[in-house]
Amino acid sequence: MKRNIITLIITLLTAIGATAQITQPIRWTQEAKMTSANEGQLTFSVAIDQGWHLYGFNLPEGGPNPTEIHLDAIPGVEWIGDIVPSRSPITKVDMVFHLKLSWWDSDVQFTQAFRLTGGSSGANLTGTVRYQGCNDSSCIPPTKEAFSVTAGNPKVAASAPVDTVVEEEAIKAVAGSSKPTYSEEGWWAPVSFEAEDPNTNISQASWWYIFIWGFLGGLLALLTPCVWPMIPMTVSFFLKKTQSRAKSIGDALIYGLSIVVIYLVLGLLITMVFGASKLNDLSTNAVFNLAFFALLVVFAISFFGAFDITLPSKWSNAADGRAERTTGLLSIFFMAFTLVLVSFSCTGPIIGTLLVEAASMGDITGPAIGMGAFALALALPFSLFAVFPSWLKEMPRSGGWLNSVKVVLGFLELALSLKFLSVADLAYGWGLLDREVFISLWVVIFALLGFYLLGKIQFSHDSKLEHVSVTRFFLALFSLSFAVYLIPGLWGAPLKGVSAFVPPLYTQDFNLYTGGVFEEFDNYDEGMRYAAENNRPVLIDFSGYGCVNCRKMEGAVFDTDQVSELIKENFVLIKLMVDDKAALAEPRRVEEGGKTIVLETVGDEWSFLQRSKFGANSQPYYIMLNNDGQALSEPVYYDENLTKFVTWLENGLKVYADQN
């Protein structure tokens with residue numbers, strides 16, 4: 001776990017220029033040569049760009065990921081000895097990890113001897129390489145690549161060849177059957193569309209979602225004890241620092257802009273680490289979600305007053321000292337940086353929650369937009385109060401109400417933490433947090449929040465509540481009403497208002513609600529075959545367990561009588577979860593982008609299908625197909641407009657009828 005955390009931190013330091021293109025500073029090639037009639041050598045040649053290094057095979061715990069070469073067990077092939085590098089790696093103490101590490105800093109070759117047995121004249125040598133590389137300022141994420149190399153002159157390949165997208169042999173119709181004839185050849189074949197309307201792309205909806213939540217998070221951060229008292233102190237400092245009001249206002253504006261820049265750079269660093277496909281994988285990774293579930297619980301306990309989460313004091317002291325020793329714009333920037341460090345105990349949990357939510361959207365721009373919105377909300381008061389200093393007199397004074405804000409945030413963090421536990425539970429099929437268990441916990445959490453706001457519950461560091469203000473009363477009314485709203489969900493009520501967060505209806509053990517339930521296939525080929533044999537068009541729903549907008553579409557569109565009946569009576573619905581962690585019976589090797597990649601899970605296969613056939617990787621993604629695998633219309637993304645979705649379905653049915 002320590003290794004993963006440190007590796008993530010160093011990987012965050014990727015240069016900003018790398019966002020323009022995919023960085024490939026380390027490139028692998030393989031070659032097999034026979035040295036005798038039945039013996040040979042498999043050589044791995046690694047090209048390493050100047051300034052980069054490839055880590056060694058054996059690294060201590062807590063460091064980066066070591067290089068690993070996995071050789072498949074192949075009938076008729078015996079691997080002889082160990083893999084031998086062309087030269088020894090450099091061994092030094094790395095000042096980032098504070099460990100003694102080994103690496104190669106220029107081109108290197110690895111050689112593996114093998115012997116052909118059983119009279120074989122050749123074989124296909126297969127396996128995978130996994131590696132990570134860094135330079136002085138950045139790292140590439142751990143990368144896994146498959147290889148397949150021919151040795152000798154095999155009469156029959158000793159291992160299965162790389163799969164093609166289209167199956168070579170179609171299942172033939174039973175002789176004498178009255179079922180319609182169809183061809184499976186086009187089921188995996190790519191389809192093309194006209195230029196898509198940018199307004200339909202899910203990413204734009206996600207951007208607004210993250211921007212709004214980021215801005216709201218910044219406003220909440222303002223109301224914490226670490227930030228609120230800083231507003232009048234900082235603004236007064238700028239106003240008294242110079243006799244020129246115009247200059248003091250300018251300094252305050254630069255101060256606010258510096259806050260935005262600091263948080264935005266942090267968001268950009270997060271953005272550069274993750275690509276769209278990696279984010280989808282991380283958003284449903286068990287370790288990732290369980291770690292953030294635990295992290296949010298810890299944040300909640302901190303907000304309840306058990307302890308404070310603070311950065312090392314020497315960091316803030318160093319930043320504060322640098323601000324005093326410098327002048328001009330640089331001094332103002334370090335003042336803003338000091339605020340960021342000092343306020344971390346209050347803003348850290350909010351930032352952490354925001355970044356996790358932005359990353360799980362599966363869009364690489366999410367963290368940058370979220371952090372920019374957060375910083376904008378946080379910086380606005382410092383600039384506005386400098387321009388209108390008379391407003392300072394109207395500011396509520398610091399007091400016990402600031403601590404109450406922290407406690408309320410603690411309850412919200414606790415409720416949100418269950419979402420991450422639920423995502424891991426769904427993706428891996430553990431069955432620990434079914435829908436009614438999740439809803440029960442939320443009912444209790446929001447009921448307790450309501451009682452806290454009414455003064456019925458107090459924590460050790462709370463001020464004595466003499467009376468309930470109007471604001472607290474209405475907040476308590478909202479929280480208790482929300483808890484009551486959730487209760488029918490225990491018996492299967494759809495709860496459309498929170499459908500994006502609670503587990504889906506099929507996890508409900510006791511369900512009195514019958515709407516929104518579809519007979520659907522979770523296997524593409526099986527669903528296509530059933531549709532062809534029954535003369536029905538196909539509706540494919542590319543979804544994900546960690547996809548918030550997928551749950552919104554299910555609640556707002558699919559769970560309506562109009563759409564539900566239209567699909568049940570006319571379509572074969574195939575729902576493919578691109579983050580399903582169930583292992584395939586056998587891993588598949590496929591060609592994509594000039595490389596051989598390995599599909600190991602069910603989700604890998606459906607994600608590859610979406611990318612290779614439709615050229616898309618965002619969810620939700622809806623597409624209608626005929627029985628030959630051709631599209632009946634343009635795809636549809638996240639859009640809760642019920643009328644548009646119904647019209648789209650009806651147009652697809654008309655096209656299918658015309659083709660038949």
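Q: How much accessible surface does the chain have, and what part belongs to carbon and sulfur atoms?
A: Accessible areas come from the Shrake-Rupley method with a 1.4 Å probe; for residues, only the protein chains shown count as cover. Here the chain has about 31800 Å² of accessible surface, and carbon and sulfur atoms hold 59% of that.

Q: What kind of model is this, and how are residues numbered?
A: This is a predicted model, in which local features need pLDDT of at least 70 and side-chain atom pairs count only at pLDDT 80 or more, while totals for chains, interfaces and linings use all residues. Residues are numbered from 1 along each chain as its sequence is written, and side-chain values use heavy atoms, with hydrogens and water left out.

Q: What percentage of the residues is buried?
A: A residue is buried under 20% relative accessible area, exposed over 50%, and partly exposed in between (1.4 Å probe, protein chains only). Of the 660 residues in the chain, 48% are buried.

Q: How many helices and strands are there?
A: Helices (H or I, at least four residues) and strands (E, at least two) are DSSP runs, numbered from the N terminus. The chain has 18 helices and 17 strands.

Q: What share of the contacts joins residues 24 or more positions apart?
A: A contact means heavy atoms within 4.5 Å. Among contacts in the chain with a separation of 6 or more, 73% are between residues 24 or more positions apart.

Q: Which residues of helix 16 are buried?
A: Helix 16 covers residues 561-570, and its buried residues are Val563, Ser564, Leu566 and Ile567. Seen down the helix axis, these fall within an arc of 165°, so they line one face of helix 16; the arc is that of the directions from the helix axis to the C-beta atoms. The face turned away from the buried side carries the exposed residues Asp561 and Glu569.

Q: What span does helix 18 have from its first C-alpha to its last?
A: The expected span of a helix is 1.5 Å times one less than its number of residues. Helix 18 (residues 642-659) has 18 residues and reaches 26 Å, close to the 26 Å expected.

Q: Which residues of helix 18 are buried?
A: They are Phe645, Val646, Trp648, Leu649, Gly652, Leu653 and Tyr656. These residues cover an arc of only 155° around the axis, which puts them on the same side of helix 18. Thr643, Lys654 and Asp658 are exposed on the face turned away from that buried side.

Q: Which residue caps the N-terminal end of helix 18?
A: Asn641 does, with a side-chain oxygen 3.1 Å from the backbone nitrogen of Thr643.

Q: How many residues of helix 17 are buried?
A: Eleven of the 13 residues of helix 17 are buried, leaving the helix mostly covered. Among them are Trp606, Phe608, Leu609 and Phe614. The cover over the buried residues includes helix 14 (524-533), strand 13, strand 14 (572-577) and strand 17 (621-625).

Q: Is strand 9 enclosed or open, and which strands pair with strand 9?
A: In a regular strand the side chains alternate between the two faces of the sheet. Nine of the ten residues of strand 9 (residues 122-131) are buried, so strand 9 is largely enclosed by the rest of the structure. Two strands pair if DSSP finds at least two bridges between them. Strand 4 (residues 68-71) runs antiparallel to strand 9 and is joined to it by four bridges, with Ile69 opposite Val129. Strand 11 (residues 143-152) also runs antiparallel to strand 9, through ten bridges; there Gly122 has Gly152 as its bridge partner.

Q: Where is Gln132 found?
A: Gln132 is in the loop between strand 9 and strand 10 (133-134). Gln132 has 0% relative accessibility and counts as buried. Its C-alpha atom is separated by 8.7 Å from that of Ile26, 106 residues apart along the chain.

Q: What does Leu418 touch?
A: Leu418 lies in helix 11 (residues 400-428) and, at 8% relative accessibility, counts as buried. Not counting residues up to four places away in sequence, Leu418 touches Phe293, Leu433, Phe438, Leu441, Trp442 and Ile445.

Note on methods: A polar contact is a pair of N or O atoms within 3.5 Å; within protein, one must be able to donate a hydrogen and the other to accept it, and residues adjacent in sequence count only if both atoms are side-chain atoms.
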